[in-house]
Structures are given as C-alpha cells and as structure tokens.
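Here are a few exercises to work through with the structure open. Try each task yourself before you read the solution.

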Amino acid sequence: MNRIFGSKQSGPKPTLSGAITNIDTRIASIDTKLKALNGELSAYQEKLSKLREGPGKQAIKQKALKVLQRRKAYEAEKEKLEGQVWNMEQASSMQDNLKNVMTQVDAMKTTKKELQKQYGKIDIDKIEQLQDEMADLMDVGNEIQESLARSYDIPDEVDETELDAELEALGMEQELEMEMGGAVPGFLQDEVMPEFVDEPPQTEDKVKEAAG
C-alpha cells in the first residue's frame with residue numbers, strides 16, 4: 001500500500017525559507033560551473049588566436065561551441081531559478097506581513113476584551129449621582145463660608161434718612177455740652193498732663209528767674 005500511495009511524511013513541513021535556501025545553493029553551484037566554462041572558453045579563444053585556418057583550428061572551434069552551448073544552458077537554468085527565488089521571496093514577504101496583521105488583530109481583540117471588562121465595572125448612573133452629591137456639598141460649603149464671613153451687630157443696610165437724623169442728634173448733643181460747661185469740647189481741648197508727672201510745668205517768669 002505504501003508503495004502505491006507513499007507513506008506519510010513524519011519530518012517537518014517544507015517552508016519558503018528552506019526552499020529559497022535550497023535554490024540559492026543550486027544557483028551558487030551553477031555559478032561555479034559557469035566560471036569553469038568561461039575559463040575553458042578563454043583558453044580556446046587564446047589558442048584560436050594563435051592558429052591559422054585549418055583542420056586543427058576547426059576542431060578547437062567545435063569544442064568551444066560545445067562549451068558555449070553548455071554555458072547558455074546553465075545561464076538559462078540560473079535565470080529560471082532566480083525567478084523562482086524572487087517569487088518565493090515575494091510570497092515570504094506577504095506571509096510575514098500577514099503574520100504582522102494577525103498579530104495586530106489579536107492585540108486589538110485582547111484590548112477590546114479588557115476595555116469591555118473594565119467599562120463593565122463602571123455604572124454611569126452612580127457617576128451622575130456622585131456628581132450631583134458633589135454639587136450639593138459645594139453649595140453647602142459656600143453657605144457655610146458665607147455664614148462665617150457675616151459681620152456681627154452691623155446692619156446690612158442703612159437708610160439715608162436715619163443717617164441724617166443720627167448726625168443731627170450728635171451735633172445738638174455737642175452744642176448742649178458747650179452751653180452747660182462753657183468749655184471747649186473734650187476732643188478740641190489741649191492735651192492733659194499725664195498723672196505720672198511729679199511737678200506742674202513752670203511758668204515763663206520762673207524760667208527766666210532760674211536762668212538769671
């Protein structure tokens with residue numbers, strides 16, 4: 001049965017990289033053969049340049065023609081192999097690009113799952129409620145600040161009529177004090193000597209007498 005269908009290969013599967021390496025090895029071998037054939041042609045060319053026309057020269061030409069035919073065959077084979085390598089390199093490049101794309105897609109899928117998992121833990125309604133509660137607390141804080149900044153025993157508004165009446169009353173009170181006491185109001189009197197001064201200030205006559 002195995003002779004007809006063949007046995008299943010147990011080794012590693014062939015890859016583009018391995019195939020390219022094998023063809024590059026064949027191309028290198030062909031280059032070696034072409035170098036040898038070019039050497040033979042150069043030798044025949046040198047001999048032909050020294051021989052005159054005759055049977056001997058014709059025999060060498062026939063040998064040179066066979067070498068030239070072989071060289072053309074190898075060159076044609078090399079060209080085909082290089083074309084195959086080029087195609088496989090392009091396919092390998094596409095394969096690498098596809099792998100990169102798949103890696104990016106897998107990364108995006110993983111990121112999407114993580115984002116869905118994280119966003120699933122967030123309740124928008126609770127966030128809105130928290131924002132409302134914070135706004136209420138800010139309002140309470142502002143009310144507390146305004147309450148603490150309020151002045152004591154000072155009316156918020158003063159009527160101009162009331163102010164005029166108060167000023168007129170103060171003027172009448174000062175006039176009454178002047179009539180009853182016959183003296184200048186206290187805030188217009190000279191400074192009073194402090195109690196800690198032992199002697200009263202000397203008069204001008206006494207100062208002159210002390211000086212004479």
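**Exercise 1. Work out what share of the chain's contacts with a separation of 6 or more joins residues 24 or more positions apart.**

Solution. Keep in mind that this is a predicted model. Take the contacts in the chain with a separation of 6 or more; residues 24 or more positions apart account for 72% of them.

**Exercise 2. Decide how α2 and α3 are oriented to each other.**

Solution. First, find the two helices: α2 covers residues 16–50 and α3 covers residues 55–119. Their axes lie 8 Å apart, and the packing angle is about 160 degrees. Angles over 145 degrees count as roughly antiparallel, so α2 and α3 are roughly antiparallel to each other. As for handedness, α2 passes α3 in a left-handed crossing. Finally, sort the residues in the contact of α2 with α3 by class: 20 are nonpolar, four are polar and 16 are charged.

**Exercise 3. Find the residues of the largest nonpolar core and say which elements they come from.**

Solution. Pick out the eight residues: Ile20, Ile23, Ile27, Ile30, Leu34, Leu81, Val85 and Met88. The elements giving two or more residues to this core are α2 and α3, and α2 gives the most, with five. Then zoom in on Ile20: setting aside neighbours within four places in sequence, Ile20 is in contact with Val85, Met88 and Glu89. Last, look for another core apart from this one: that core has seven residues, including Tyr44, Leu48, Ile60 and Ala64.

Key:
Residues are numbered from 1 along each chain as its sequence is written. This is a predicted model: local features need pLDDT of at least 70, side-chain atom pairs count only at pLDDT 80 or more; totals for chains, interfaces and linings use all residues. Side-chain values use heavy atoms; hydrogens and water are left out. Axes are lines fitted to C-alpha atoms, for helices over the stretch in contact, and angles run from 0 to 180 degrees between N-to-C directions. Helices (H or I, at least four residues) and strands (E, at least two) are DSSP runs, numbered from the N terminus. Angles under 35 degrees count as roughly parallel, over 145 as roughly antiparallel, 65 to 115 as roughly perpendicular and the rest as oblique. A crossing is left-handed if the near helix is turned anticlockwise from the far one by less than a right angle, and right-handed if clockwise. Ala, Val, Leu, Ile, Met, Phe, Trp, Tyr, Cys and Pro count as nonpolar, Asp, Glu, Lys and Arg as charged, and the others, Gly among them, as polar. A nonpolar core is a set of buried Ala, Val, Leu, Ile, Met, Phe, Trp, Tyr and Cys residues joined through side-chain atoms within 4.5 Å. Buried means under 20% relative accessible area, exposed over 50%, partly exposed in between (1.4 Å probe, protein chains only). Contact means heavy atoms within 4.5 Å.
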